[in-house]
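Biologist: I've got a new model open and would like to talk through a few local features. Could you take a look with me?

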Amino acid sequence: MISSADLFNQLKSAEPFFVLAGPNVIESEEHIFKMAKHIKHITNKVGVPLVFKSSFDKANRTSSKSFRGPGLEEGLKILEKVKLAYDLPIVTDVHESWQCEAVGKVADIIQIPAFLCRETDLLVAAAKTGKIINIKKGQMCSSSVMANSAEKVRLAGNPNVMVCERGTMFGYRKKLEGGGVASGGLRELIPCIARTSVAVGVDGIFMEVHDDPLSAPVDGPTQWPLRNLEELLQELVAIARVSMGKQQFKIDLTPFREDQS
């Protein structure tokens, strides 16, 4: 089994980038296995490292009627089966400090939800597992806030910390769905945001993917269709490689300017 430090270094040095991808929440064991199989096939074909993502519990739902997932115990069992079956590193999120130890036994990356990114006790508990910590940027947080959050993880003795930009907003557009309240979203903006990200040289892309987003019980409008994943990743790889080439190929125009003076 690869160590956290080695995995962190592999992801950091991935060219042109790595991908954290999977359905927003665990709907069933069958569905998770299906998604892991297809996403791994696509990322292998495109040539980008994959960390498979799904949540065992969506604790930050708008309505108490909203679907949350199978819970900690059952969810971790499913994720561990997927990890072993497809030889994939796993990323999943935690919401409370007491969950960290159990999650750290299965997940390779522990994700801190955006709305909890400043919770010191949670950050420290996650850090102490020794696993890579991925902190999602709070919707209303500045870059300086995220620097402080990352520093909390490092001061707890864990240097393997990542920060994930998830956008800035002041509330979701809501709609009623199945008796509950579902988050709105603009799926059509995902390619634009992704293109911009890889063009400026991000290390990785976080992307929630679903084979049927319209029927997804959680955050369907913000999940990218599985059928369109390969095409988008191929485009992103092409953009990233061109951008990397521009950064490496610099032309000094000073002599030409001096000759013309």
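Biologist: Where is Leu189 found, and between which elements?

Modeller: Keep in mind that this is a predicted model. Leu189 belongs to a nonpolar surface patch along with Leu186 and Ile193, with about 280 Å² of accessible area together. As for its place in the chain, Leu189 sits in the loop between β8 (180-183) and α7 (190-199).

Biologist: Is Asp87 buried or exposed?

Modeller: Its backbone is worth a look, with a positive phi near 50 degrees in a residue other than glycine. Asp87 lies in the loop between α3 and β3 (90-93). The cut-off for exposed is over 50% relative accessible area. Asp87 has 65% relative accessibility, so it counts as exposed.

Biologist: And Asp219, buried or exposed?

Modeller: Asp219 also shows a positive phi, about 50 degrees, although it isn't a glycine. You'll find Asp219 in the loop between β9 (204-210) and β10 (224-225). Buried means under 20% relative accessible area. At 15% relative accessibility, Asp219 therefore counts as buried.

Biologist: Which residues are the closest to the centre of the second largest pocket?

Modeller: That pocket holds about 380 Å³ of space. Its lining has 17 residues, and the closest to the centre are Ile2, Asp87, Leu88, Pro89 and Asp108.

Biologist: Which residues does the cis peptide bond join?

Modeller: Most peptide bonds are trans. Here the place to check is the loop between α1 and β1 (18-22), where Pro16 sits. With omega about 0 degrees, the cis bond joins Glu15 and Pro16.

How values were computed:
Residues are numbered from 1 along each chain as its sequence is written. This is a predicted model: local features need pLDDT of at least 70, side-chain atom pairs count only at pLDDT 80 or more; totals for chains, interfaces and linings use all residues. Side-chain values use heavy atoms; hydrogens and water are left out. Patches are made of residues with over 30% relative accessible area and no salt bridge: like charges are joined within 9 Å, nonpolar side chains (Val, Leu, Ile, Met, Phe, Trp, Tyr) within 5 Å. Accessible areas come from the Shrake-Rupley method with a 1.4 Å probe; for residues, only the protein chains shown count as cover. A salt bridge is a side-chain nitrogen of Lys or Arg within 4 Å of a carboxyl oxygen of Asp or Glu. Helices (H or I, at least four residues) and strands (E, at least two) are DSSP runs, numbered from the N terminus. On a 1 Å grid over the protein atoms alone, a cavity is a set of points where a 1.4 Å probe fits but cannot get out, and a pocket is an open set with protein on both sides within 12 Å along at least five of seven lines; lining residues have an atom within 4 Å of a point. Grid points are joined across faces, edges and corners, and a volume is the space filled by probe spheres set on the points. Buried means under 20% relative accessible area, exposed over 50%, partly exposed in between (1.4 Å probe, protein chains only).
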